[in-house]
Amino acid sequence: MKKQVSCAILEDMRKYYDNFDPNEYVEGPKTGESVIQTLRLYYEENLPVGVTAWIRVNEPNKKLIYGNQIGRQIVFVRDILGDILTDTSNEYEAFEPQVIATHTSKSVKLPIYQINLEKYGLEIVMKNNFFSWAISIKSENPLDFDMMELFDEKEVAPLYLCDGLPSEKIYGSYAQNHAEFTIEMKSEYKVYTLFYLIKNYLTKLKSKEEE
């Protein structure tokens, strides 16, 4: 008997699930719990996976105090940051942060995101624990502009803040290296402002190189 799977998850399986056999599934209004569990375990062992596909099978227990906040976090990273980090509607539609690892805060399993902007030579790895952000930035070009005191440029991010980040994605302070650094940020407003400034700087730099 074929297992029922929603249209969205069926598309996710075609994209990410190496064991996918179309003869085993049928599109329906709801995905069976056994399929959800199978994909959840598969994604844990086969990262990276797109954040939209990841959250479809990793929705937290809504009874947890912070269980309802993960959706807001993902919308901020995927949609709001995606809007300022892309240049065209096609780029925005294709923008999809990848989940490269996970961590747990307040009993909620959360994603560690990676964003690659190849045309700007920029890699962003970030996580949020409901209180602050840990952000690692690796850029082909040093980010030599005024950071507007959005973070402590001399501070080396504490290890507890970087819990869950791959060790090779944890860097020193911005003061030590303007092209590779890991920072702590306390608010979405500051995160948004930082990425707006980075995108603006790299866009102007790219335009000068193309002249």
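**View 1. Helix α1 in the lining of the second largest pocket of the predicted model.** α1 contributes four residues to this lining, the most of any element. Besides α1 (7-16), α3 (51-56) also gives two or more residues to the lining of the second largest pocket.

**View 2. The residues around the second largest pocket.** The volume of this pocket is about 160 Å³. Its lining consists of E11, D12, K15, Y16, G50, T52, A53, R56, E93, F95 and E96. By class, six of the lining residues of the second largest pocket are charged, three are nonpolar and two are polar.

**View 3. The largest pocket and the residues nearest its centre.** The space in the largest pocket comes to about 240 Å³. A set of 15 residues lines the largest pocket, and those nearest its centre are F95, E96, I115, N116 and L117.

**View 4. Strand β5 in the lining of the largest pocket.** β5 supplies four residues, the largest share of this lining. Two elements, α5 (89-94) and β5 (108-117), each give two or more residues to the lining of the largest pocket.

**View 5. Residue classes in the lining of the largest pocket.** Seven of the lining residues of the largest pocket are nonpolar, four are polar and four are charged. For the second largest pocket, the corresponding counts are three nonpolar, two polar and six charged.

Note on methods:
Residues are numbered from 1 along each chain as its sequence is written. This is a predicted model: local features need pLDDT of at least 70, side-chain atom pairs count only at pLDDT 80 or more; totals for chains, interfaces and linings use all residues. Side-chain values use heavy atoms; hydrogens and water are left out. On a 1 Å grid over the protein atoms alone, a cavity is a set of points where a 1.4 Å probe fits but cannot get out, and a pocket is an open set with protein on both sides within 12 Å along at least five of seven lines; lining residues have an atom within 4 Å of a point. Grid points are joined across faces, edges and corners, and a volume is the space filled by probe spheres set on the points. Ala, Val, Leu, Ile, Met, Phe, Trp, Tyr, Cys and Pro count as nonpolar, Asp, Glu, Lys and Arg as charged, and the others, Gly among them, as polar.
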